[in-house]
Amino acid sequence: MMRKTVLYAIIIAGVCISGAVFLTASPTGNRLFGKDSAPAKPQLFRYASLAGLDLFRYVCTTAGLPPSSGGDLLLQDGNIARLSLHGDLQAGLRAVMEKSRVPYAVFIAIEPKTGRVLASVSHSSLSTEWENRAPFTGYPMASLFKVVTAAAAFESGKANALTPLHFRGRASSESPSRWGKPGRGGDTTLPLCNAMARSVNPAFGRLAEECLDMSMLASTAKQFGFGTAPFGGNFIATEELPTPSTSGELMRMAAGLDYRIKISPFHVAMIFAALGNGGTMPVPSFVDTIHKPGGKEIYQMKPSPLFTMTSPHVAGELIRSMSGTVITGTAKTAFRDSKGLRYHSLIPVAGKTGSIIGYDPRGHYNWFAGLAPADNPRIAFVALTINGDLLRLRAPQLGRAALDIFFAGK
């Protein structure tokens, strides 16, 4: 059911003065950081000169990403904004979340080549207040950090998607002391792409120990936006990378076991959008055009690069490394039925899962981020679900539901 707050999702109040517009937030609108946020001051913009992050940043700091169904939005100055949101995705995913009664869930989708926000849906059966800030709050990143570890190894030239990784212990092991040492026998060996698909902790810990050091990992993390506020300001969480003090801590970090590494769902979606755009992160946008009531267009979104996250080669190797996740890896169960076969061949998906116990809010955190089709991405996405003792909805299930909706009939 569409909530009352949808009516105030984006409010762009306009008072036209010499071709300029004052943008303000509705006094009843939901603010990103809750009741303690200071009221936003009116800010002067000119529709014709809006570029880069200006409009995106302003609206996010007053009302958060819009949870509406997309389509047209009547602005307070009488003009009409056409949103980039995919109406079927918005409505369909909210229905899935509500039906499951999941304690907390959020889904973000981006068009990789343009940065258009295709979906921003969050739901909580326990706290509607959580929904307002969910896309932009930092949560434990878990095994999604393996993507950063692999990128650092690829950039060093010491590994590619097929490089054999040697390790000991089970895939879920969290004890570096049991993962083996370089040059000793008794190791299990897996190609990096298989270790990524199965999210093998010891393999990525040993990869860091043998091929990387803290400076290399930190440099790559910074390129991915850690600690840099890539979207301007601090309204989207960008956590600093902690500094390991021992080899074991470095290995645990590389494997995605450091609880201190946090990231927002929106940031994850933008990282995967960058991978789908040859390593260049696009400027995000959710307003496609703005028209006067008579139909005259006065603003049109123009895709532009935000920054270069990594090289096309590294982006390609990461996609290659994640292409087995839905076939033989940790997301295979969600894609196991007969209709899921289309994602193995017709619409290949590259993705990465992550799981960890978190405490704000308390629960079992489950991630699934990816892009599709893997060979020519049209959608980059992330799903995060937080369950309690009863497992109501897994992130790969939510991601699969999104892809079914997005590629319906194709």
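Two strands count as paired if DSSP finds at least two bridges between them. Strands (E, at least two residues) and helices (H or I, at least four) are DSSP runs, numbered from the N terminus.

This is a predicted model: local features need pLDDT of at least 70 and side-chain atom pairs count only at pLDDT 80 or more, while totals for chains, interfaces and linings use all residues. Residues are numbered from 1 along each chain as its sequence is written, and side-chain values use heavy atoms, leaving out hydrogens and water.

**Exercise 1. Find the neighbours of strand β17 and work out which residues on its two faces are buried.**

Step 1. Start with β16 (residues 362–372): nine bridges join it to β17, and the two run antiparallel. Trp 367 stands opposite Leu 384 in β17. The link between β16 and β17 is a hairpin through six residues.

Step 2. Now try β5 (residues 104–110), which is joined to β17 by seven bridges, again antiparallel. Here Tyr 104 has Ile 386 of β17 as its bridge partner.

Step 3. Check the faces. In a regular strand the side chains alternate between the two faces of the sheet. On one side of β17 you get Ile 379, Phe 381, Ala 383, Thr 385 and Asn 387; on the other, Ala 380, Val 382, Leu 384 and Ile 386. They're all buried, meaning under 20% relative accessible area with a 1.4 Å probe, protein chains only (exposed is over 50%, partly exposed in between). That's nine of nine residues for β17 (379–387).

**Exercise 2. Explain why helix α6 is largely enclosed, and say what covers its buried residues.**

Step 1. Count: nine of the 11 residues of α6 (201–211) are buried, so the helix is largely enclosed by the rest of the structure.

Step 2. Name a few: the buried ones include Asn 201, Phe 204, Arg 206 and Cys 211.

Step 3. Look for contacts (heavy atoms within 4.5 Å). The cover includes α4 (145–156), β8 (164–167), α5 (192–197), α7 (214–223) and α8 (247–254).

**Exercise 3. Describe the largest nonpolar core.**

Step 1. Apply the rule: a nonpolar core is a set of buried Ala, Val, Leu, Ile, Met, Phe, Trp, Tyr and Cys residues joined through side-chain atoms within 4.5 Å.

Step 2. The largest has 87 residues, and Phe 266 and Phe 272 have the most contacts inside it. Helix α9 (residues 265–276) gives the largest share of this core, nine residues.
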